Amino acid sequence: MIMAGDIVPIELGLTEGNLFTLWAPRWREGDDEWEAFLGLDEDLYALDSVAELAAFVRGDDDNDLADHPAWETIKQLQADELVPDDRHSYDLVGVPELAAEDPRAEVVAELEDALEIVRIIGEVCELAPITKVFTGNPILGAVTVGTDNFAGRDGVDLWVRIGRIIAKNWDDVLDALDEVISRPKVDAAAVEEAEEELAAAASAEDEDEPEDEDGVDSIDDEDEESDEGDDEDDDDLVDEDDFWAAVGIDPIRIYTDEGEFLTLRCYLGDDPLFLGSKGKIFGFGSERALTRFLADGKGHDLAKLSTFADVRSAAETAEIEYQVLPENVYSLQGIDEDILDGPRRVDSKQLDLAVELLTDAADYAGIDTVGEELASTTPLGWFVDYTINPDPKRLAPSGPFDNEAEVWRALVVDFEDRLTKRG
């Protein structure tokens, strides 16, 4: 998952070959919001290899990403850390062939990623041929729902129509991309240094791989001491997971514009109960601060639970850890800005989790505002439901979405007012 403030290495398969560059998804700077690629003015910089990309990044500050908050961090990375992962490697030349295949899940997912990065490049670089393709053919957005849109006769017809649109327009798309791509000069010595780093990283990875069954160091032949150590580590992990399951409480992590907070939540039947009091949720900036508070064991609603004595005892001896499961991580950052651009720009999983948190917090506080504003009959409720559960047979929400964003922002501000920062 891409977090706010990241700079992401990406690989673009274009007519001249596979090229490497950097993409900065949306980030905020004061009251302004930006999205950019490695480049300068009207040029999008792309390099022929990861080594060249690393060399360029280390020696150039005259580009559109130099003011990004993560730029200095990117400059310090080892070359192997700039290798794009599979999710951020886009075969753009092969998009028409991909759209001609059967709409299997992996095909639809790959097509969705390719179309999305092209659309973003078109917007950021103001490439009219690309924006025209997407604004003039909204059914391309059907791929964002996965394979559900392409079941049955109507689904097959929709997939065929998408393939025809791509076949008709993709040469213009590639031409527009080729025109904006620029290969900047890089220092040969810096490239050689980066190549050595990549070779060393590849060699180290090979050494870490266990030998096959003909080798003397197969996994089955590891010594007992190593096995026992691994067992102890596994036991610690299992014990920690069992601890929170046994007490029926979950650690949760919340990201807001004001920072990162750790707290606890459980359910009594269907009713959420947070570490807090009188509808206010206590959020902690560190595990140590949370542990100190739990050791005291007073002044909050979880203290009345029969299992909280176990939590307090573990906190008193500092034998407590907070392994937050992915489904208990909530990020409220940037959703209001994404809403302004419509359902396609909103991360549906992030939004779904955010709705869960706001709803639980409102239920805990005994207020009805969240439920009322997210009802399916309201503009925001319709927007949220469509984003989380898109259906091509339903009428999509139409912009502008200023009102929906404003209402969502108000719900988040109200939640943050009830999130009491401690430690």
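Buried means under 20% relative accessible area, exposed over 50%, and partly exposed in between, with a 1.4 Å probe and protein chains only. By this definition R418, at 11% relative accessibility, counts as buried. The model is predicted, so local features need pLDDT of at least 70, side-chain atom pairs count only at pLDDT 80 or more, and totals for chains, interfaces and linings use all residues. Residues are numbered from 1 along each chain as its sequence is written, and side-chain values use heavy atoms, with hydrogens and water left out.

The protein has 15 helices and 14 strands. These are DSSP runs numbered from the N terminus: helices are H or I with at least four residues, strands are E with at least two. Of the 423 residues in the protein, 44% are buried. Contact means heavy atoms within 4.5 Å. Among contacts with a separation of 6 or more, 65% come from residues 24 or more positions apart.

R418 belongs to helix α15. Neighbours within four places in sequence aside, R418 is in contact with G279, K280, I281, A361, A362, A365 and I367. A365 sits in helix α12. Its relative accessibility is 25%, and A365 therefore counts as partly exposed. With neighbours within four places in sequence again left aside, A365 contacts G279 and R418. A365 and I281 are 84 residues apart in sequence, yet their C-alpha atoms are 9.0 Å apart in space.

The axes of α12 (residues 348–365) and α15 (residues 402–418) come within 11 Å and cross at roughly 55°. Axes are lines fitted to C-alpha atoms, for helices over the stretch in contact, and angles run from 0 to 180 degrees between N-to-C directions. The angle makes α12 oblique to α15. Under 35 degrees counts as roughly parallel, over 145 as roughly antiparallel, 65 to 115 as roughly perpendicular, and the rest as oblique. The crossing of α12 and α15 is left-handed. A crossing is left-handed if the near helix is turned anticlockwise from the far one by less than a right angle, and right-handed if clockwise. On the α12 side, the contact involves L351, A354, V355, L357, L358, A361, A362 and A365. On the α15 side, W408, L411, V412, F415 and R418 take part. By class, the contact has 12 nonpolar, no polar and 1 charged residues. Ala, Val, Leu, Ile, Met, Phe, Trp, Tyr, Cys and Pro count as nonpolar, Asp, Glu, Lys and Arg as charged, and the others, Gly among them, as polar.

Helix α14 (residues 379–388) has buried residues at L380, G381, F383, V384, Y386 and T387. Their cover includes α11 (335–340), α12, α13 (369–373) and α15.

Helix α4 (residues 105–124) and helix α5 (residues 128–136) pack at about 125°, with axes 8 Å apart. This makes α4 oblique to α5. The crossing of α4 and α5 is left-handed. L115, V118, R119, G122 and E123 of α4 make the contact with I130, T131 and F134 of α5. The residues of this contact divide into 4 nonpolar, 2 polar and 2 charged.

Several individual positions were also examined. N328 is found in the loop between α10 (308–316) and β13 (329–331). With a relative accessible area of 5%, N328 is buried. Residues up to four places away in sequence not counted, N328 touches D250, P251, I252, R253 and R265. The side chains of N328 and R265 are joined by a polar contact of 3.0 Å. A polar contact is a pair of N or O atoms within 3.5 Å; within protein, one must be able to donate a hydrogen and the other to accept it, and residues adjacent in sequence count only if both atoms are side-chain atoms.

A246 is placed in helix α8 (residues 224–247). At 60% relative accessibility, A246 counts as exposed. A246 and T307 are 61 residues apart in sequence and 8.3 Å apart in space, C-alpha to C-alpha.

Two loop residues other than glycine have positive phi. For D41, phi is near 55°. D41 lies in the loop between β4 (39–40) and β5 (43–45), and is exposed at 66% relative accessibility. For K278, phi is about 55°. K278 lies in the loop between β11 (276–277) and β12 (280–284), and counts as exposed at 81% relative accessibility.
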